[in-house]
Amino acid sequence: MTHTVLIGLGVLIAVLTVVAALGLLPSLRIVPDNTHFDFTRFRRISFPISAALSILAITLFFTHGLNLGIDFKGGTLLEVKAKSGVADIAAMRTSLDALGLGEVQLQQFGGPENVLIRVAEQPGGDAAQQAALAKLRGALGDSVDIQRTEVLGPRVAGELLAYGMIGLMLAIIAILIYLWFRFEWQFALGAMIANVHDIVLTIGFMSVSQVDFDLTSIAALLTILGYSLNDTVVIYDRIREMLRRYKKMPMPQLLNESINSTLSRSIITHVTVTLALLALLLFGGHAIHSFTAVMMFGVVLVGTYTSIFIAAPILIYLGVGEHREDAKEDAPPAKKNKA
Amino acid sequence: MLYFTRWRALGIILTALIVCLFAVPNFFPEATVKTWPAWAQRRIVLGLDLQGGSYLLLEVDSNYVKKERLDQVRDDVRRTLRDAKIGFTGGVTVRNDAAEVRITKDTDVQPALAKLRELAQPLGGLMGSSGQRDLEVADAGGGVIRLTIPQAAMLDRMRKTIEQSIQIVERRVNELGTVEPVIQRQGNDRILVQVPGLQDPTRLKELLGKTAKMEFRMVDTSVPPDQAQQGRLPPESELLMSASPPPTPYVVKKQVLVAGGDLTDAQASFDQRTGEPVVSFKFNTSGARKFSQATQENVGLPFAIVLDNKVISAPVIREPITGGQGQISGNFTVQSANDLAILLRAGALPAPLTVVEERTVGPGLGQDSIEKGELAAYVGSILVIVFMLLTYRLFGVFANIAVTINVAMIFGLLSLLSATLTLPGIAGIVLTVGIAVDSNVLIYERIREELRGGRNAISAIDAGFKRALATILDSNITTFIAAAVLFYIGTGPVRGFAVTLGIGIITTVFTAFTLTRLIVAGWVRWKRPQSVPI
């Protein structure tokens, strides 16, 4: 089935390509040329909104917390498929509860035959987790196929969480140092504020949606960071170029021009990334579902908004371009750049 | 920006082509690829999450290693002082990280220090140049001499223990007949074992969970076991339990007649008379001599076969065993006899191993993940391709050609590096398509802008490339830094994501700077356009 659909789409692409190459397609302009939105004035609304959302996210983090996956919490996870085609969750729950392993979480996913079983970390170190797995395997018996198991001892889980957090910090610092070299310190600081804003909001999202926070979430956070910065850098590059070209233009106007002239690119790129993510979200399966959901939120919703409404306008407060007239005599305001 | 010498153009096309060609082996069955020359055999390795298998992280018990060493020090001290006829009171005590001994006479302290210092060996064997020794001997005052193991010596010992353990683990895993297991050291005290295709690692864990320290010792018949349990245990003996249920106590002498290290072979077989499963073994020359001597001296007495401090069986020696071979019977099943033979052949682990992390994926789930990942990749690509055609028309065709070559190059590089493709890795490729498209969008949007600014077609294209490329470099480096950090801290699937993302960024920058430019430059040369259909 899927193959015929794919072949059909392939033919469609071939036809479209020929038509496009011959110049017969109408031009699709998502963003009209020469937009003049006053993005920087919007900062009087966007900054308070962002501040409020950030506080909300932090509050949620402390009240609801994150749903730590077993990567970071330790414990045992089993993914099973009932051989009969329909899993009898109630019977499963009775037999697993009798094992005395504390609370056993059962969750159906994908179809009626798939069940995810989670057991919290057992007291008694690494050997106790192994014993729990053996008990679970024994209790489940032959009525199910065990598709996947994960067992993490308390220390490894703690280490993974620590490494994950350290990695996140290292990435932010490394990127900042790079930006500091390529731009001026104000840009690096602006990007960092935008960064932290993205991460805080995404963590808030993870807290609300209670998706598993595990190693892949760290991967998702780092990718969001990369994408959001990617966007910010594109706008910053333009701002730097404008600063060099228009020495007398007032800052808010200069920022607006910069954002408006890169607006079309921002939107087209985000449509394509959204399309790619949408495919992963709809067809990529259960295993990467929470990963793509978090990415969707972080890249599409937060990343773009941050670059336009936070990262760029904040440069006004950081004093970028204030002393351009004075500085003109001895040194150019921005570092020399060939481009 | 739009001018390429013939040689440069050729170089770019050849580079792209060669990198793409490295992906070819992935599309042929493994058996076919095996017949190709070695340099053409490299292909992408599927991660355990995609092909199914077991991942175990084992930890060597560092406390055990330290205790073993201190016990050894204690025995050495006792022997040295006895040989030197230096009196000490209260025995040698092992406490925390040190062994201590109290010398009876004050005048003996200096000679005792001198003797005990001879026990300390230079670190790193004969080649050691650090001047450090594996034991510190100090006068703790009041006639007490304290022997401590320095940090460096402990690390050195752990390193050796891990190396030995890896060898033993390798032998044991290979005995299971699995395909291409990966066994490597991780950190200071851990060993990573990856076995593709192994769905239930229970047996593997059983094999790895035993140290398999095998000893032949005499049973102490001077005290019945029940009296020994009440505390009347002779100092040269200890109480051990039987390996098979019901737990039966045995009084066994501490002295080891022959140890497992002297075994050369072990096989599971059946007893010729009773037909029950047994393990038959062979000793090397020195083991055979020791065993023959011991059995000659002890005819009529029982001896114990001890594995990991549990008595497997305690047969009576009926006649001297001089042939250097024998068999162990002990309520074995076929499987347990087989496992014991494997353990004896592979040798004893220098320290116990514990499983600290375990992940398994069944083959069905892996296949399912591959199919879903592929479908998502196709659908994602098609959506993006159609969108680009609608947005940029002719230039959309250019972009799609560039992105397609880009993805082929990612597969080529992944094959060249024999990198591991995981499910998050597939997600990484899909996202790279997004980034690759972005580089094209940046260029084309800039060209549009330059056109609006009043430049003519060729000058607008030229300026568009020039300005956009700097931005592309800046923006991709930031994402690359994130990928590099992920690679460094991540394990397994996450690392797979970092690899594809990182490689994707490299090919994207290469394609944007060379191929996309070359394609547009070719079109400009051919058409000499007055306007740009963008």
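A nonpolar core is a set of buried Ala, Val, Leu, Ile, Met, Phe, Trp, Tyr and Cys residues joined through C-beta atoms within 7 Å. The views below are taken from a predicted model.

**View 1. The largest nonpolar core takes in residues of chain A and chain B.** This core has 214 residues, and those with the most contacts inside it are A:A276, B:V430 and B:L486. Domain 1 (34-67 + 157-323) and domain 2 (75-152) of chain A both contribute residues, so the core lies between these two domains. Another core, of 14 residues, lies apart from it and includes B:L70, B:F88, B:V92 and B:I145.

**View 2. Surroundings of B:L486, one of the residues with the most contacts inside the largest core.** Neighbours within four places in sequence are left aside here.

View 3. Chain A is divided into domain 1 (34-67 + 157-323) and domain 2 (75-152). The C-alpha centres of the two domains lie 39 Å apart. An unreviewed UniProt entry places the feature "transmembrane region" at residues 6-25, 45-66, 160-180, 187-206, 218-239, 267-288 and 294-318 of chain A. In the model, residues 45-66 of chain A are 86% helix and 0% strand, and the end C-alpha atoms of this span lie 29 Å apart. For residues 294-318 of chain A the values are 88% helix and 0% strand, with 31 Å between the end C-alpha atoms.

**View 4. The contact between chain A and chain B.** Chain B gives 66 residues to the contact and chain A gives 71. On the side of chain B that touches chain A, at least two residues each come from β17 (353-361), α11 (363-392), α12, α13 (423-452), α14 (457-489) and α15 (492-527). Helix α11(B) gives the most to this side, with 20 residues. By type, the residues on this side of chain B comprise 38 nonpolar, 15 polar and 13 charged.

**View 5. Strand pairing across the two chains.** Strand β5 (residues 144-152) of chain A runs antiparallel to β17(B), and five bridges join the two. Within this pairing, A:E150 stands opposite B:R359.

**View 6. A:Q130 in helix α5 (residues 125-140) of chain A.** With 21 C-beta neighbours inside 10 Å, A:Q130 counts as buried, because the threshold is 20 or more. Not counting residues up to four places away in sequence, A:Q130 touches A:V151 and B:V355. A:G75 is 55 residues away from A:Q130 in sequence, yet their C-alpha atoms are 9.5 Å apart.

**View 7. Strand β8 (residues 190-196) of chain B and its partners.** Five of the seven residues of β8(B) are buried, and the strand is mostly covered. Strand β2 (residues 53-60) of chain B runs antiparallel to β8(B), with seven bridges joining them. One partner pair here is B:E59 with B:R190. Strand β7 (residues 182-186) of chain B also pairs with β8(B) in the antiparallel sense, over five bridges. In that pairing, B:V182 has B:Q194 as its bridge partner. β7(B) and β8(B) form a hairpin with three residues between them, and B:G187 in the turn has a positive phi of about 70°.

View 8. Most residues other than glycine have a negative phi, and most peptide bonds are trans. B:A212 has a positive phi, near 60°, and lies in the loop between α7 (202-208) and β9 (214-219) of chain B. B:A212 counts as buried because 21 C-beta neighbours lie inside 10 Å. B:S418 is not a glycine but has a positive phi of about 50°; its place is the loop between α12 (394-416) and β18 (420-421) of chain B. B:S418 is exposed, with 11 other C-beta atoms within 10 Å. The peptide bond from B:P245 to B:P246 is cis, with omega near -5°. B:P246 is in the loop between β10 (237-242) and β11 (249-259) of chain B.

Conventions:
Residues are numbered from 1 along each chain as its sequence is written. Chains are lettered from A and ligands numbered from 1 in the order in which they are written. This is a predicted model: local features need pLDDT of at least 70, side-chain atom pairs count only at pLDDT 80 or more; totals for chains, interfaces and linings use all residues. UniProt positions are given in the numbering used here, feature names are shortened, and annotations may be inferred rather than shown by experiment. Helices (H or I, at least four residues) and strands (E, at least two) are DSSP runs, numbered from the N terminus. A residue is buried if 20 or more other C-beta atoms lie within 10 Å of its own, exposed if 12 or fewer, and partly exposed in between; C-beta atoms are placed from the backbone. Domain bounds come from an automatic or database domain assignment. Two residues are in contact if their C-beta atoms, placed from the backbone, lie within 7 Å. Two strands pair if DSSP finds at least two bridges between them. Ala, Val, Leu, Ile, Met, Phe, Trp, Tyr, Cys and Pro count as nonpolar, Asp, Glu, Lys and Arg as charged, and the others, Gly among them, as polar.
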